[in-house]
Amino acid sequence: MHGRPRKDPKPEDAAASVAKAEKLRSLQSQFLSNHHKKIYTNEALEVSAKLLEVNPEYYTAWNFRKLAVEHRLSQSDSDPDSIKSIFSEELKVVESALKQNFKSYGAWHHRKWVLSKGHSSIDHEMRLLDRYQKLDPRNFHAWDYRRFVAALMNRSEVDELRYTTDMINSNFSNYSAWHNRSILLSNLLQRKVQGFFPKEVVLNEEYELVHQAIFTDPDDQSGWFYYLWLLDQTVKADAPLLVSSWPARDSNLIILEDQCLDDCALSPFNTFHSDSGTFPLIVYFNQAVEGVNSSTISVESVLNANSELTWKPLSTNNSPAAQVWVTYLNYPKVDVHSEAYPVEVSIGHSGGIISSSGFHYSHPSRFAFKVFARPVKTPIGHGGDIISWQDGNFALYETSPEEPNPTISLDQLNIKDDNEKTSSEWRAETIANEIALFQELLSEISCKIGKLTLARLLKARDLLLSPCANKMVYSEEVINLYSDLRTLDPPHSQFYKDEHSLTLLQQITSTRESLLRYCFLHGDGTSSFIGNSMCLRLNNLSLSRMGSIERLLWVQMLDLSHNELRSIEGLEAMQLLSCLNLSNNKLCGFTALGPLRLLKSLKVLDISCNQIGSHSIDTTRYLCSSPLCHTEEIDWGRDETVTGDVNLANYWEAFVIFRGLSLTQLDIVGNAVADEKLKSFLVKIVPTLKWLDGGELH
Amino acid sequence: MGELVTEKHVQYILSVEKRKDDFISVAMEYLRMNGAYWGLTTLDLLGKLDAVDVDEVVSWIMKCQHESGGFGGNIGHDPHILYTLSAVQVLALFDKLNVLDIENVTNYIAGLQNEDGSFSGDEWGEVDTRFSYIAICCLSILHHLNKINVEKAVSYIVSCKNLDGGFGCTPGGESHAGQIFCCVGALAITGSLHHIDKDLLGWWLCERQVKAGGLNGRPEKLPDVCYSWWVLSSLIMIDRVHWISKEKLVKFILDCQDTENGGISDRPDDAVDVYHTYFGVAGLSLLEYPGLKAIDPAYALPVDVINRIFFGR
C-alpha cells in the first residue's frame with residue numbers, strides 16, 4: 001500500500017494479475033479449509049508456509065501455525081531434538097515472511113512466540129538483528145525485537161547503551177538509536193548506577209555527542225529532541241516544587257467587608273472582598289501533583305482547624321492531579337483595632353505529595369502571611385451595576401508614596417528550594433557554554449534549530465538567574481529570535497508566536513515597574529476613581545496564549561480583549577477573578593472556556609466578537625470535562641430548566657460550560673453561535689444573569 | 001490549489017467494494033473489515049453513505065463474528081481486536097449497533113486485558129498500545145468502558161510515554177505518529193490527557209511537517225498522507241494544530257489525488273488505495289475543508305455519529 005508508483009494497468013499486466021490472483025485465491029481457500037478442519041499434516045503446513053511467504057500479513061495463517069506446533073508437540077515424544085526442529089522450522093517461515101515484508105507484525109510476533117518457548121538459540125537472534133538493522137536502522141520492529149531478546153538474555157543496559165553509541169557513531173542520522181539511548185541512559189542515571197553518577201559528567205559527554213549530530217547537519221532532526229531532553233535534565237529538578245501562592249509569603253492581606261473603600265492608604269493589590277465569607281488559599285506547583293490534603297499541607301491559624309480544610313485540585317478534566325490546588329479559610333472577625341491574624345503554611349513535612357511522573361515533594365518549606373479584617377466606613381457599592389470595559393473607565397494606577405505595602409514584590413512569590421552549590425554552578429556553566437557554542441554556529445549559518453535552541457538556552461539562563469535578579473535579561477533577544485524564526489520557518493509560525501507570547505508575559509510580570517504599566521483602576525466613568533477595583537489590562541498585545549499565571553494569582557479583574565487568544569489554558573488558577581474580558585480574540589468554541597468552570601468568583605464575562613460557532617472542528621473537545629471523556633455525566637432529564645424546542649445535542653457545550661457559572665453579566669454578541677435561541681437557553685441555565693449583551697434582564 | 005474531486009472518489013470506493021478478483025484485492029481479503037470502515041466512513045464524510053446497501057453490509061459483518069464475540073477480518077478468518085473495532089465502527093455509522101449482542105462483544109474485548117493493564121490483540125498475546133486504543137474506543141462506543149480496569153489501562157499507556165513526549169507500541173518503543181494517535185486518543189476518551197506534556201508532544205508533532213507541506217510519521221522519514229490523520233488528529237486533541245501550516249497540508253493531500261480515476265495515494269503520483277483515500281479525506285475534514293462532514297479526532301467517526309451515541313436520546 002505504500003510507495004508503489006501510479007500507472008495505468010497494461011493489458012498483459014492485467015492478465016498476469018488475474019492469473020496470479022487465482023493462484024493466491026486457491027491457496028488461501030485451501031488454507032482456510034485446513035484451518036477450519038484442524039488439519040495439521042505436512043501438506044497443510046506447506047500450504048500455510050507458502051501462503052505466509054507470499055502474504056505474510058494473512059494473520060490467520062500465523063494462528064494456524066501456532067496451533068499446528070501445539071498439535072505436533074502433543075503428538076511427538078519429548079525428544080529435545082525433534083522439539084528443536086519443530087521450532088526452527090517456524091523460525092525459517094518467519095525469515096522468509098520477513099523477506100517479503102520487513103515490517104510484518106504477524107511475523108515478528110510469531111518469532112517472539114517461538115523464542116519465548118525456550119528451545120531456540122538466542123545468539124542466533126542477535127546476529128539476525130545485526131543483519132536487519134544494517135539493512136534498515138530505523139525499523140522499529142527490529143529495535144523492539146532487540147529489546148525483547150536483550151531481556152531474554154539479561155543483557156545489561158550498559159552493553160545496550162554501547163550498541164547505541166556504535167550505531168550513532170556510524171551514522172548520527174539515526175533517531176531510533178538516539179531514542180533507545182535516551183531510555184537506557186535515563187534509567188541508568190535514575191538508578192545512579194556506577195559510572196553514571198554524578199550525572200553532570202555523563203551529561204557533559206552527551207552534549208559533546210549530540211553537538212556532532214546537530215552541527216554536522218543542522219537540518220537533520222535526529223539529535224534535536226535528544227538535545228531538548230539534555231537541556232531539560234540540566235535545568236529542571238525532577239521533584240515538584242512550590243512556585244507561588246496566594247496570599248503570597250510575608251504579605252498582609254486585608255479582607256474588606258464590602259467591596260469598596262474610601263481609604264486611599266490601602267493598596268488594591270492586597271485587599272480582597274467576596275460575599276462567601278471565606279477567602280482562598282492557593283498553592284501553585286511547577287508540575288501536576290497528587291496527594292495534597294490536610295495531612296501533607298498544614299495550615300496553622302485561628303481562622304480554621306487544619307483538619308477541617310479540604311484541598312481541591314484545579315484540574316479542568318476532574319482528574320486528581322493538578323498543578324494548582326486551593327482551599328478556603330474563614331474570614332477573621334471584623335475588628336476596629338485591625339488585629340492581625342497570622343497564618344502559617346507548612347508543606348512537605350510529611351510525604352505524600354507526588355508528581356505525575358512519580359517524584360515526591362521532598363523539600364519541606366514554610367511560608368506565612370497575615371490577615372486583617374477592615375470595617376467599611378461608607379460603602380459606595382456598585383452592587384449589581386453593569387461593568388463597562390471602555391477605555392474611559394480606566395485610569396493608570398499610580399503608586400502613592402505613603403503606600404504602606406509595596407505592590408507585589410515578586411521575590412516573595414517565589415518559594416525556591418535550596419539547590420546544592422556545585423550543582424547550580426555546573427548548571428550555569430553548562431548553559432553558558434551551550435549559549436556560546438550556538439552563537440558561534442549562528443555566526444556561520446542562519447539555521448532554524450540554532451535560533452530555536454539559542455532562544456531556549458537564553459530563557460533557561462534567565463530562569464536560573466531569576467530568583468536573585470528577577471529581571472529577564474535576555475527576553476528582548478529571545479523575542480527577536482522568535483521573530484526571526486517566524487520568517488525563517490513560516491509553516492511553524494504560530495508555534496513561535498505562542499512562545500513569543502509566553503516570553504512577553506514573563507517580561508511584563510518580571511518586575512514591579514513593568515507590571516505597573518498594565519495596572520489600572522476601574523471606575524464607573526465619573527471623575528472619581530476611588531475604589532479598589534484594580535484591573536490588569538493586557539489588551540492589544542497580540543497574545544496568542546496565556547502564561548506566567550503563577551505571578552498573577554492576585555488578579556481580580558482582567559482585560560485580555562483584542563488579542564489572538566485561542567485558548568485560556570491555565571486561567572483556572574486565577575481563583576480571585578471576578579471580571580474577565582475576552583472579547584475580540586480567536587476563541588473557537590465553548591469548550592475552550594473550560595477553565596472558567598473552576599472560577600467560582602467569576603461574575604462578569606465578555607466573550608463577544610470571537611469565533612464560537614464558525615468552526616466545524618473543536619480543538620478543545622477532549623480537554624474539557626464532558627461525557628465524551630467520561631469525566632462527568634449530563635443528566636438532561638432531571639434538569640427542569642432545560643425545556644422547550646432546544647435540541648440538547650446541539651447545545652451540550654454551552655450547557656456544560658455555563659450551567660455551573662454564577663455570572664451576573666455576559667456579553668456574547670459577535671459570535672456566529674449567538675442567536676436568539678441560544679441566548680434564551682443561556683438565560684434559562686444561568687439564573688443569576690442580570691445583563692446580557694448590554695441589556696438588562698427581568 | 002486543486003480541489004477535492006468528490007464524485008471520483010465516491011466512484012472509486014464503490015468500485016473497490018465490488019472489485020474482488022485482482023491480485024491486490026485477493027491479497028487484502030484478510031482485512032476487508034478494515035477496508036469497509038475506511039471506505040464507508042469516507043463515503044459518510046463525503047455525504048454519500050446512502051450509495052451502499054445497509055442490510056447487505058450489516059449481514060456480511062455479522063457473518064464475520066465468532067462465538068467468542070470477536071470479529072474476523074473477513075468470513076472464516078480468526079477473530080482479532082482490530083476487526084472487532086472496525087465492525088463496531090461501521091455499525092455505528094449506520095446506527096445499527098442494536099444488532100449486536102453487547103455482552104458478547106464487550107466480554108471478548110474485556111477478556112483481552114492483561115494484568116499490567118495492556119491489551120492483547122487476540123488469544124495469541126501480541127501486546128501493543130494500538131490494542132489499548134481499540135479496546136477503549138470500542139467499549140466507549142458501546143457504553144461499557146466499566147468492563148475493563150481503566151486506571152491500569154491508562155497507567156500502561158503512560159508507561160509507553162517517551163522522553164520526546166511521544167508514545168511507542170510497548171514501553172521503550174520509539175515514538176511513532178500512529179502509536180501517538182492511539183495513545184492520545186485512548187487518553188482523550190478516558191479523560192486522561194493531563195498525562196501528556198502538550199507543549200513537548202506538540203512540538204514533536206508539528207515538526208512532522210516537511211518543507212513541501214506533507215507530514216511524516218517520525219523524524220527523517222518521508223511524508224505520507226496517512227500521517228495527515230494520525231499527526232493531525234493528535235495535534236487537534238491536544239489543541240496544538242495551529243502549530244502547523246494547514247494550507248500547505250491541504251495542498252499536499254489534494255496533490256495526492258488521482259484526479260482522473262479517483263482515490264488518494266500515500267504520496268503524489270503513487271498508486272491509490274482505500275486506506276489513503278480515507279486518511280486523506282479524514283485529514284481534510286479535520287482541516288475544515290469545505291463540503292465535508294466534521295470527523296471526531298478521538299473516535300475517528302463523524303461528529304454527528306458520536307453526538308448521537310453520547311447525547312442522543
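Chain A of this predicted model contains an open sheet of five strands in the order S3-S2-S10-S8-S5, with mixed pairing. The edge strands are S3 (271–272) and S5 (297–300) of chain A, each of which pairs on one side only. Strands here are DSSP runs of E with at least two residues, helices are runs of H or I with at least four residues, and both are numbered from the N terminus. Two strands pair if DSSP finds at least two bridges between them. Strand S2 (residues 252–256) of chain A runs parallel to S3(A), and two bridges join them. Within S3(A), Phe272(A) is the bridge partner of Ile255(A). Strands of a sheet pair through backbone hydrogen bonds, either parallel or antiparallel.

The model is predicted: local features need pLDDT of at least 70, side-chain atom pairs count only at pLDDT 80 or more, and totals for chains, interfaces and linings use all residues. Residues are numbered from 1 along each chain as its sequence is written, chains are lettered from A and ligands numbered from 1 in the order in which they are written, and side-chain values use heavy atoms, with hydrogens and water left out.

An unreviewed UniProt entry lists residues 5–300 of chain B as "domain: Prenyltransferase alpha-alpha toroid". UniProt positions are given in the numbering used here, feature names are shortened, and such annotations may be inferred rather than shown by experiment. The span of residues 5–300 of chain B is 48% helix and 1% strand, and its end C-alpha atoms lie 22 Å apart.

Helix H12 (residues 246–255) of chain B has the buried residues Leu249(B), Val250(B), Phe252(B), Ile253(B) and Leu254(B). Buried means under 20% relative accessible area, exposed means over 50%, and partly exposed lies in between (1.4 Å probe, protein chains only). The buried residues of H12(B) pack against helix H11 (226–237), strand S1 (264–265) and helix H13 (274–286) of chain B; contact means heavy atoms within 4.5 Å.

**Aromatic contacts**

Over all chains, a search of the whole structure finds 42 aromatic pairs. Rings of Phe, Tyr and Trp (its six-membered ring) pair if their centres lie within 6.5 Å; planes under 30 degrees apart count as stacked, over 60 as edge-to-face and the rest as tilted. The rings of Tyr227(A) and Phe438(A) form an edge-to-face pair, because their planes stand at 70° with the centres 5.4 Å apart. Tyr227(A) belongs to helix H11 (residues 224–235) of chain A and Phe438(A) to helix H13 (residues 421–444) of chain A, so this pair ties together parts 211 residues apart in sequence. Tyr227(A) and Phe438(A) are both buried.

The pair of Trp652(A) and Phe311(B) is stacked, because the ring planes are at 20° and the centres 4.6 Å apart. This pair crosses between chains, from helix H18 (residues 648–658) of chain A, which holds Trp652(A), to helix H14 (residues 303–311) of chain B, which holds Phe311(B). Both Trp652(A) and Phe311(B) are buried.

One aromatic cluster in chain B includes Tyr37(B), Trp38(B), Trp229(B) and Phe279(B). Charges also sit over rings, which requires NZ of Lys or CZ of Arg within 6 Å of the ring centre and within 35 degrees of the ring normal. Lys20(A) lies over the face of Phe23(B), at 4.1 Å from the ring centre, and the charged end of Arg240(B) sits over the ring of Trp243(B), 5.4 Å from its centre.

**Salt bridges**

The structure holds 50 salt bridges over all chains. A salt bridge is a side-chain nitrogen of Lys or Arg within 4 Å of a carboxyl oxygen of Asp or Glu.

| Salt bridge | N to O distance |
|---|---|
| Arg65(A) and Glu90(A) | 2.9 Å |
| Arg131(A) and Glu95(A) | 3.9 Å |
| Asp484(A) and Lys451(A) | 3.1 Å |

Arg65(A), in helix H3 (residues 59–75) of chain A, and Glu90(A), in helix H4 (residues 80–100) of chain A, are 25 residues apart. Arg65(A) counts as buried at 1% relative accessibility, and Glu90(A) is buried at 0%.

Arg131(A) lies in helix H6 (residues 122–135) of chain A and Glu95(A) in helix H4 of chain A, so their pair ties together parts 36 residues apart in sequence. Arg131(A) is partly exposed, with a relative accessible area of 49%, whereas Glu95(A) is buried, at 19%.

Asp484(A) in helix H15 (residues 475–488) of chain A and Lys451(A) in helix H14 (residues 448–469) of chain A are 33 residues apart. Asp484(A) is partly exposed at 34% relative accessibility, and Lys451(A) is buried at 13%.

Salt bridges that share partners also join Arg545(A), Glu569(A), Lys198(B), Asp199(B) and Arg240(B) into one network.
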